[in-house]
Amino acid sequence: MSNTHQGKTSVGFAILLLILLGLNLRPLLTSIGPLTQALQAATSMPYSSFSLLTTIPIMMIGVLALFAGRMTRALGYQRGIATGLLVLIAGLVIRAWPASAAILVVSAVIGGFGIALLHIIIPELTKQQFRHRLGAMTGLWSAALMGGAALGAVVTPWLDAHFSSHSVALASWALLALITLILWLSPANRVPKADILPRHELLKAFKYPRSWLLGAYFALVNAGYAGFIAWIAPFYGEFGWTTQQAGNLLALFSLVQVMGALILPTLSRSMDRRPWLALAVITQMVGFAGLCWLPEQAPWLWSALCGFGLGGAFPLCIVMALDHIDDPVQSGRLVSFMQGIGFIFASIMPLVTGAFRDISGNYQLGWGFHILVGVVILLMTTRFRPSGYKAAFSVTR
């Protein structure tokens, strides 16, 4: 076999693994939504407490991201990804026990830790492996992430009906993580070693105002996603939709997210990502407006608009942060800090929406809140001029 063919095979396998890793990042969250009413009946959890099953994993991503440098230095890419998959498998397997509030919360904590570990390593690994195709590859794994969210939403109700068991349906997603782990540990997977910089040379992101601005921006970009996946299924359940219908709506949202994640980062070939980010934000605002004021007229359209906008904004935000610094390790530190601040804040959104639901008796207040968030994001987008990227950080290596 020629070196050229071996190189193409290695790159193809790396892309396959990148897709599989993305697919594993969301079923833990989205498999819950379509079964909300059944699980609430089994556990007697109120809306505000039930939202913890979405809040906790997102919060875990944020908290662990703040320690990303230490985790990557200690584990490296190979062991770090393997450990994340193992912990995720454990969190999903726990759901095989009969549903209870304790089982679901423990599963969210353990599985959320596994997802968090994957989240902090994948962006840095992507820049290391695909430096010259960063936008496309970041869009690809983001699209896979959203595709996994769609699978979690649409397949879980089918598994629930097929096995007549909520627990089996939720725990079945451990199989996808197990397959990914086996392939990850195979000899065909040639993972680059993480660059180990002396601690004093590592970017201390918290010292830079731009890091906090990126963190706040990422938080607001993800706030809509967290609120949507937590409550869209029960929202339409109150209009008489079946579990499968609500799951299909969430799946459509996730599939259109895939389109946004693939299309918008690929189109944004210049360093100035702002026009495409603005397009993504305006699109999702229109979707939230439809959910707020005309929910029964065109539910599929509103979900699709939210999905395209949120799907495109997520990878664009990550690529924009990576654009600030050339070195993969240092830019990975910046993205981890951004994700830390962003996901911690975004994790509160399901709680906010759930509280709005408990107080007002409907979801309109929550959807309207996300429209206001979109306005703030648009104003912040103007701040990210590419000419200021390098000047924002003095440590670049």
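Buried means under 20% relative accessible area, exposed over 50%, and partly exposed in between. Keep that in mind for the exercises below, which all use a predicted model.

**Exercise 1.** Find out where confidence is lowest and where it is highest in the chain.

*Solution.* Start with the average: the chain has a pLDDT of 85, and 94% of the residues score at least 70. Then go to the helices: the lowest confidence falls in helix α4 (residues 47-50), with a mean of 71, and the highest in helix α10 (residues 174-184), at 97. Take care at residues 1-6, where the pLDDT is below 50 and the model shows one contact beyond near neighbours in sequence.

**Exercise 2.** Work out which parts of the chain the salt bridge between Asp-323 and Arg-273 ties together.

*Solution.* The closest N and O atoms here are 2.8 Å apart. Asp-323 belongs to helix α14 (residues 299-323), while Arg-273 sits in the loop between α12 and α13, so the bridge joins parts 50 residues apart in sequence. Both Asp-323 and Arg-273 are buried.

**Exercise 3.** Describe the surroundings of the salt bridge between Lys-390 and Asp-326.

*Solution.* Begin with the distance, 3.1 Å between the closest N and O atoms. Lys-390 is in the segment after α17 and Asp-326 in the loop between α14 and α15, so parts 64 residues apart in sequence are tied together. Finally, compare accessibility: Lys-390 is partly exposed at 42%, and Asp-326 is exposed at 52%.

Methods:
Residues are numbered from 1 along each chain as its sequence is written. This is a predicted model: local features need pLDDT of at least 70, side-chain atom pairs count only at pLDDT 80 or more; totals for chains, interfaces and linings use all residues. Side-chain values use heavy atoms; hydrogens and water are left out. pLDDT is the predictor's confidence in each residue, from 0 to 100. Helices (H or I, at least four residues) and strands (E, at least two) are DSSP runs, numbered from the N terminus. Contact means heavy atoms within 4.5 Å. A salt bridge is a side-chain nitrogen of Lys or Arg within 4 Å of a carboxyl oxygen of Asp or Glu. Buried means under 20% relative accessible area, exposed over 50%, partly exposed in between (1.4 Å probe, protein chains only).
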